[in-house]
Structures are given as C-alpha cells and as structure tokens.
Amino acid sequence: MAYTLTTPWRWETYISEPYSKYARLAGRRLNGGTVTGAIPTSITDVARGQSLLVTGTTVVMTQTPSQDDLAAASYYFLGGHEYVISDEQATVLINAGYSDYVTPIV
C-alpha cells in the first residue's frame, strides 16, 4: 500500500524580535505581530515548511537543512511538499512519531 506524506509546516511571525535590517516592509519595525492583533496576519505571518531528514530509523525535523545534512541523510522530505512514499518509509515515520503527516492512499 502506498502512503501520502504532507510535510509539516508552522506559522511564524516574520519579525517578532527587535528591529532587523532584514525586516519586511522596507525596514518598518513590526511590534507584537499577531500576538496582540495590532498587525494583520497577512503582513506578519508566514508559513514555514519543516523538512524531515531520515537516517536509518531516526527522523529529525528541521526548518533549514544544510547541504551536508541532506547528504548525510538516508533520504529526506523537504518542507512544504506532498510526497507519495513506500510502506517502509511510512513505517519509519509512523514509528518516529510523525503519523499525523502520513495518510494511506486508498
């Protein structure tokens, strides 16, 4: 049986720290983000994909995998994507606690 894996993601406030020159909106400071509701979510919240790196039966979730991390993994699933995976891959992910992201294809 084949399975579908939809990699996890999370909402992340774009700028919730003190001022950064890399802030969105041409350097305008964003205070509070959506915690206070003062700034619309369309401006501050961004969906960030979480990648799953599999080495043997160990699964690590990371937002920013390096090229070395990807090369060292047995296989990996980049965040923000949907994959069709094998029974063996599904078993590894389910046993590692990522069953919420794995769905059997009927």
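Two strands count as paired if DSSP finds at least two bridges between them. Strands are DSSP runs of E with at least two residues, helices are runs of H or I with at least four residues, and both are numbered from the N terminus. With that in hand, L5 has Y83 in β7 as its bridge partner.

A word on the source: this is a predicted model, in which local features need pLDDT of at least 70, side-chain atom pairs count only at pLDDT 80 or more, and totals for chains, interfaces and linings use all residues. Residues are numbered from 1 along each chain as its sequence is written, and side-chain values use heavy atoms, with hydrogens and water left out.

**The sheet and its helix**

The order β7-β1-β8 describes an open sheet of 3 strands with antiparallel pairing. Both β7 and β8 are edge strands with a single partner strand each, so one side of each has no neighbour in the sheet. On average, neighbouring strands here are turned by 25° against each other, direction ignored. Between β1 and β7, the antiparallel pairing covers 4 bridges.

| Element | Residues |
|---|---|
| β1 | residues 3–6 |
| β7 | 82–85 |
| β8 | 102–104 |
| α3 | residues 87–95 |

Helix α3 lies across β1, β7 and β8, and runs at about 115° to β7. Such angles run from 0 to 180 degrees between N-to-C directions of axes, which are lines fitted to C-alpha atoms, for helices over the stretch in contact (heavy atoms within 4.5 Å).

**A look at T62**

T62 belongs to strand β5 (residues 58–62). T62 is buried at a relative accessible area of 18%, where buried means under 20% (1.4 Å probe, protein chains only). Neighbours within four places in sequence aside, T62 is in contact with Q50, S51 and L53.

Notes: Buried means under 20% relative accessible area, exposed over 50%, partly exposed in between (1.4 Å probe, protein chains only).
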